[in-house]
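Reader: Hi! Could you walk me through this structure? I'd like to start with the surface.

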Amino acid sequence: MKRIYLFAAMAMTGMQMQAQDYAATQDTYVGASLATEDLNGTARYVGMGGAMDALGAEISAIGSNPAGIGLFRKGQVSATLGVNIQENGMSFQDGSKTHVSFDQVGIVYSSRQGKESYVNFAFNYHKNRNFNHVLFAANALNGSAQNRQTVFKDMNGLFNHNGLAYSQLDDLYEGNMVLDEEGVLHDYAGESYDFTRANTGYIGEFDFNISGNIKNRLYLGLTIGIHNVNYKNYSEYYEVLNSTEISDVLITDNHKITGFGYNIKAGLIVRPVEESPFRIGVSVATPTFYRLTTENYTTIGTSVDRSAAKEDFRFNTPWKFGVSLGHTVGSNIALGAGYEYADYGACDMRVIDGRRYDWYNDVYYDDSSSDNVMKRHTERTLRGVSTLKVGAEFKPDKNVAVRLGYNYVSPMYQENGVRDQTLQSPGVYYASTTHYINWKDTHRITAGVGFSFDKFRLDLAYQYNMRKGNFYPFMPDYSAAYIDDETGQTVTLNNHCNAVEVKDNRHQIQCSLTYSF
């Protein structure tokens, strides 16, 4: 049946030509993955659910409340190894269900300043984010298909199929599948799909701290953090089509993001009652300011039909605020609780507009500006996140400690959030995939045990991390209309796909060795 598009495909040609001159950004969902943090650090910190921001004297608190380093009375060196196991996981490409991880190493130097005051210096590295995860999802399509999204974009005037496609993936579909010999786009109905993705890599955080206390009542701390991003994923999207011309299609995508970022964290802890060990903590962290490089290599069908890109962009995470409580009972019991808040709707993808040269310091600087279209999309898609941390430590003997903790993270994604592939944004122009997941809340249950002997301490911890999400292979509802030239009636087509529930349940076992001096 012959179709007449309601919008002229040529109408958007100017916009597409202009898009060639844009530097890249990424989209909301990539930013959310980069901004998310794991519960990780020493085995003692993890065993108590991370609820040590006000208790202090724990090196892993360097990134959550820097004032906690001010409670140290002697120097300390610690290192942590971990084993991560994905529940019901599988091996795919470089991804596997089990892997060993170097999670933390740090040192604290404590210097007495007077009778009751100290100035402390600390350095700590920890794995802020562990990306290792293998995802599998499959479902029926009932006539919808990923290639139909490309056709519908053309019908809605988003690109000129005789010129530039709207995204990298659209370009592959247009040039290798949906365009016939006469230059007419064909949309093929889908029957089902299989999707498999292996994420690997990490974000490593290097924290440098100065802290101290005043008369053992007020503790102050400042931390400068440097983040190193190494993110990789490989995915295969296999779609079975209901067509005599083509039976199926396979899209493979190799994606990598690398780069660095920095932030500043400040905190204080106060004991409001001199005779009581009860203390209150407050902390704030600036956004992490990232400069990143994205690379992808994407194929359709065979390796001959491919798309590749490499671009730089900037990304800023939101501000983070925290309050915490801590209390000890004698030398046998320690209790901690904490609350953190960050508005992830304020994540900011930024375009690098150019470079300027500082003649005095002989340094080049990037000039960047917000991708305002993607920023508005992020505000609609992500929301404020609350993190609650509670933990306890009990010492039945002076050389043995038993720990329990719970850590809860509220959902980051709006329930109706969509990875919108029609935005006039570089984050879409450079897109090579269409899938996304709206993750729900996260529950972390932790436990641990510690043994002290002489100047050494050996700590073990276990963490069970649980979360569910809704997976979509592409936008769930996208429509286009045409005029039937025989009847003159407007016909509306819809490309609908249903969500599939996926899980990310993980087991983590850690071992830390600490030496005090």
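Author: Happy to! Keep in mind that this is a predicted model. The chain exposes about 22,500 Å², and carbon and sulfur atoms supply 55% of that area.

Reader: Nice. And what share of the residues is buried?

Author: Of the 517 residues in the chain, 54% are buried.

Reader: How many helices and strands does the chain have?

Author: Its secondary structure comes to seven helices and 23 strands. The radius of gyration is 26 Å, close to the 24 Å from the globule rule for 517 residues, so the chain is as compact as a globular protein of that length. Along the principal axes, the C-alpha trace spans about 90 × 55 × 40 Å.

Reader: Thanks! Switching topic: at what angle do H4 and H5 pack?

Author: H4, residues 146-155, and H5, residues 168-176, pack at about 95 degrees, with their axes 10 Å apart. Angles from 65 to 115 degrees count as roughly perpendicular, which means H4 is roughly perpendicular to H5.

Reader: Is H4 mostly covered or mostly open, then?

Author: Mostly covered: 10 of its 10 residues are buried. Among them are the charged residues Arg148, Lys153 and Asp154, along with Val151, Phe152 and Met155.

Reader: And what follows H4?

Author: Glycine 157 does, and its phi is positive, near 80 degrees.

Methods:
Residues numbered from 1 in each chain as written. Predicted model: local features only at pLDDT ≥ 70, side-chain atom pairs only at ≥ 80, totals over all residues. Heavy atoms only, no water. Axes fitted to C-alpha atoms, helices over the stretch in contact; angles between N-to-C directions. Helix = DSSP H or I, 4+ residues; strand = E, 2+ residues; numbered from the N terminus. Parallel < 35°, antiparallel > 145°, perpendicular 65-115°, else oblique. Buried < 20%, exposed > 50% of the residue type's maximum accessible area, 1.4 Å probe, protein only. Rg over C-alpha atoms; globule rule 2.2 N^0.38 Å. Areas by Shrake-Rupley, 256 points an atom, 1.4 Å probe, with all protein chains shown as cover.
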